Amino acid sequence: MDPLADKILVISAFVLLVQEKRVAGWMLIVILAREFVVSGLRTVAASEGIVIAAGISGKIKTVLQMIAVPLLLLHNWPASYVNIPLDMIMLWACVIMTVVSGCEYVLKNKEVFIKGPRITIVAINPTNVPIKIFHLLFKETAMTLLYQSLKALKYLALSLLSSIF
């Protein structure tokens, strides 16, 4: 499947599970925070021509989510027949791996956030050939992206909490 479609599917399922009180709201916030941070990191890196490949921890996180979601939606079937809370075990494993993989992405690529994106100013000469004039370095852009992501998560958390209580 497409990585973006995977994220939309998994996050939609977790939102449903929070509404059904099968998943704690804070767990969804942790999952969303990681997705916002990693997506922001990849966007900033892409502006520099850097490709951040998926790490093994991110792949493990995705597999755990793809196992946890169906188990939670099916109310732990078939593991419920042998009284094993496999749905909760997988949910906790997926949340832990979400934190681990998010930290791994940030630590491995911290120079992208520290450096920030470079914006190239291009001019067209009379022969219609682009000429690079200079690069602008905006460290603030990366920090603004992170700040806006965290701000959006704060509002999401508040709305989730208000809908629960």
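The following legends describe close-up views of a predicted model. Residues are numbered from 1 along each chain as its sequence is written, and side-chain values use heavy atoms, without hydrogens or water. Local features require pLDDT of at least 70 and side-chain atom pairs pLDDT 80 or more, whereas totals for chains, interfaces and linings use all residues.

**View A. Crossing of helix 1 and helix 2.** The axes of helix 1 (residues 3-19) and helix 2 (residues 25-47) come within 9 Å and cross at roughly 160°. Helices are DSSP runs of H or I with at least four residues, numbered from the N terminus; axes are lines fitted to C-alpha atoms over the stretch in contact, with angles from 0 to 180 degrees between N-to-C directions. The two helices are therefore roughly antiparallel (angle over 145 degrees).

**View B. Residues joining helix 1 to helix 2.** Contact (heavy atoms within 4.5 Å) involves Lys7, Ile11, Phe14, Val15 and Val18 of helix 1. Helix 2 contributes Gly25, Leu28, Ile31, Leu32, Glu35, Ser39 and Arg42.

**View C. Salt bridge between Arg22 and Asp87.** The closest N and O atoms of this pair are 3.0 Å apart; a salt bridge is a side-chain nitrogen of Lys or Arg within 4 Å of a carboxyl oxygen of Asp or Glu. Arg22 lies in the loop between helix 1 and helix 2 and Asp87 in helix 4 (residues 86-108), so the pair ties together parts 65 residues apart in sequence. The whole structure has 5 salt bridges.

**View D. Residues 130-139.** Here pLDDT (the predictor's confidence in each residue, from 0 to 100) stays under 50. The model has 33 contacts beyond four places in sequence for residues 130-139. The protein chain averages a pLDDT of 81, and 76% of the residues score at least 70.

Technical notes: Parallel < 35°, antiparallel > 145°, perpendicular 65-115°, else oblique.
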